[in-house]
Protein chains: 2
Amino acid sequence: MAVTLKEVAEKAGVSRSAVSRTFTDGASVSEKMRRKVEKAAQELGYSPNALASSLTTGRTKLIGLVSNNFHNPIFLQVFDLFTRGLQDRGLRPLLVNLTDETDPATSVRMLRQYSVDGVVVASSTLPPGFAKAFRDAGVPVVHSFGRYSAAPQVHVVGIDNVECGRMAARTLVERGYKKVAFLGGPESATSTQDRYTGFMSEMAAHPDVKTTYSFAKAYSFEAGRQEMLRLLKSAPADAYFCGDDVLSIGVLSALQDSGLQVPEDVGVIGLNDMEMARWESIDLTTIHQPIRQIITSTIELMVAMLDEPDRYPEARIFPCSVVERGTLRPAP
Amino acid sequence: MAVTLKEVAEKAGVSRSAVSRTFTDGASVSEKMRRKVEKAAQELGYSPNALASSLTTGRTKLIGLVSNNFHNPIFLQVFDLFTRGLQDRGLRPLLVNLTDETDPATSVRMLRQYSVDGVVVASSTLPPGFAKAFRDAGVPVVHSFGRYSAAPQVHVVGIDNVECGRMAARTLVERGYKKVAFLGGPESATSTQDRYTGFMSEMAAHPDVKTTYSFAKAYSFEAGRQEMLRLLKSAPADAYFCGDDVLSIGVLSALQDSGLQVPEDVGVIGLNDMEMARWESIDLTTIHQPIRQIITSTIELMVAMLDEPDRYPEARIFPCSVVERGTLRPAP
DNA sequence: ATCCATTTTGCAACCGGTTGCAAAATCAAG
DNA sequence: CTTGATTTTGCAACCGGTTGCAAAATGGAT
């Protein structure tokens, strides 16, 4: 079907090596030869087979992009940035959607079969062990939005979720709220656990403020809304730190139905600063996660690892900050 | 680095062909041989190199997934469904993000270099010519969410946008609105054009109803909001058909700020029926687009084409229907 | 044990490229 | 016009698999 190297070589009346060399930069070819070959290639509509060449070079320029967050709108932006960033560098993302059924071993095997040069795990809910499996298989891996650890086993790029939890707690205390609550995402997610830990550790220093917590079933609008509706029936707090903006928006919707005023009766602070948080109808006070920087850094790290696979694992942590909007009352 | 066929063959004391055969189903291998080989493979941790085998078999099981809709939240669901559907069938999506800068020829060349078995173009804004370029290059292609045509040049799976436009117009007329408007997405998008055409053709039959139109700069919340704010300053209509739910939500936000009541003072109908349309705080009346069915059908068509590349181009059109919620007043 | 049909196995060529090495060509200097 | 250094080119082996073909092994019937 497709035109091959050999055909171009024959048409141009040169050796196959000559053709190969004109298409690999850095190879030694005279100007005359290059012109001859390019002409023939042009006429035949030849373009080299990247996979065949990968056999000898050992590089496919394929990067596995593994995620399980296909429901949080923020990940559309994540995919956008990843695909652009990778293709700008001549790399191709091979997408893997990790559903509940697919076990880690399968995805590792699958990506190895396709000889990806590296893997980016983009998820805030997977444990470090997942990314580790790739490293153990000898595949360069970066876990973005992953759990930060002092002694990282794999490269991690993200934020300090524990610190974010503390930051949220401090902010709520500052504003004079007296009954605060953590409303997290799924309990199994490392991001939920860490935000919980940080939140609680900071609140421990404020025994005068009543602190409670609960978890939504997923990082989704509906889960946040349902959990808030449930909480409203028992003992509602006067301020909530939600583990994710999308939960916050669900919470706001439930509060609106209940007739409670935000931020007068109850305050809400989220995490992520997704685009929707800026919408006038939502106007959510939240903790900004620098997604763009995280992704740029992840890609840079990945590219560096391609040349230096045994690079010592490092954690790159980006600072977050509170974005003041309308769902928290001002500091007194 | 990775274990190869040859090493397994040596360890098992058999020929390379024998090993190859145990890993390709349908090949003739005795039970005894298979056990011997599998044992050796197991011990060495061998797994076949899919790309090497693609060289001889001519199949990579790679499917290019090309899109330029990385901003409409609905596409997160689209990617979710596509990736799951493809990987359930043993196919791997190679994602291509078509930005304004990347020209079509480049993406065609790129996907050919990776010898993808087929390409799915998932976009409601690209002209049929884009998908056609793949067909011309001999790559099986299905354009999902593409423009429907009576004599399709490529396989198309989607909805009849013209009919949707008519449906929206009929619905607004039925409810007794007297000054209706079409608020479309980017004018260059085929989906916008078709919805416009349908809307206007139906309204032509109702000269008593004043009809106007305008276009937002993108299929986004902010673009919809801005356009509505602009319209509010001049001569607002009493009902709007928005070319997409995400526009509708922007429009609702602008209306809310203006103090106008929905649906009493002004009605809004969208298109897509995205998850957010169901949120109580939004409660958008809209035209449902059967995304799940479109994607399932696209994948089935793609799989069929892998066996029969010259299959005659067909258009698969799924019916849409109005979902009654709270942004349109009831029929009198 | 012999013969023939059927299955299993290995050989070797091939898929579409790359690359080390040595021969051929080019170039500048003598 | 030599000579020697330097660049360009082609040969042939290789990357990790697959597959047509013929030889070897197996099995059943006589």
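Me: On a 1 Å grid over the protein atoms alone, a cavity is a set of points where a 1.4 Å probe fits but cannot get out. How many cavities of 30 Å³ or more does this structure hold?

Reply: Three. Keep in mind that this is a predicted model, where local features need pLDDT of at least 70, side-chain atom pairs count only at pLDDT 80 or more, and totals for chains, interfaces and linings use all residues. Residues are numbered from 1 along each chain as its sequence is written, chains are lettered from A and ligands numbered from 1 in the order in which they are written, and side-chain values use heavy atoms, with hydrogens and water left out.

Me: What makes up the lining of the largest cavity?

Reply: A lining residue has an atom within 4 Å of a cavity point, and 18 residues line the largest cavity. Closest to its centre are Ser124(A), Phe145(A), Arg195(A), Asn272(A) and Gln289(A). The space inside is about 150 Å³, with volume being the space filled by probe spheres set on the points, which are joined across faces, edges and corners.

Me: Which element gives the most to that lining of the largest cavity?

Reply: H5(A), with three residues. Strand S5 (155-159) and helix H9 (190-203) of chain A also give two or more. These names follow DSSP runs (helices are H or I, at least four residues; strands are E, at least two), numbered from the N terminus.

Me: And what about the second largest cavity, how much space lies in it?

Reply: About 110 Å³. Its 15 lining residues have Phe75(B), Ser124(B), Asp244(B), Asn272(B) and Gln289(B) nearest the centre. By class, that lining has six nonpolar, seven polar and two charged residues. Here Ala, Val, Leu, Ile, Met, Phe, Trp, Tyr, Cys and Pro count as nonpolar, Asp, Glu, Lys and Arg as charged, and the others, Gly among them, as polar.

Me: Where does the second largest cavity lie relative to the domains of chain B?

Reply: Between domain 2 (62-159 + 290-319) and domain 3 (161-289), because both give residues to its lining. The bounds come from an automatic or database domain assignment.

Me: In chain A, how many residues of domain 2 are in contact with domain 3?

Reply: Contact means heavy atoms within 4.5 Å, and by that test 14 residues of domain 2 of chain A touch 18 of domain 3 of chain A. About 1300 Å² is buried between them, 54% of it from carbon and sulfur atoms. Buried area is the accessible area (1.4 Å probe) that two parts lose on being put together, summed over both. Asn72(A), Arg147(A) and Ile159(A) supply 42% of what domain 2 of chain A buries there, more than any other three residues.

Me: What rotation superposes chain A on chain B?

Reply: One of 180°, with 0.0 Å of shift along its axis and an RMSD of 0.1 Å. That is the relation of a two-fold axis. Leu94(A) comes closest to the axis of all residues of chain A, at 2.4 Å (C-alpha).

Me: Why do the copies meet through the same surface?

Reply: Because 100% of the interface residues of chain A are also interface residues in chain B.

Me: What is the peptide bond from Val262(A) to Pro263(A), cis or trans?

Reply: It's cis, with omega near 5°. Pro263(A) is in the loop between helix H11 (245-258) and strand S9 (267-272) of chain A. The bond from Val262(B) to Pro263(B) is also cis, with omega near 5°.

Key:
1 Å grid on protein atoms, 1.4 Å probe; cavity = no way out; pocket = protein on both sides within 12 Å on 5 of 7 lines; lining within 4 Å. Least-squares fit on C-alpha atoms with pLDDT ≥ 70 in both.
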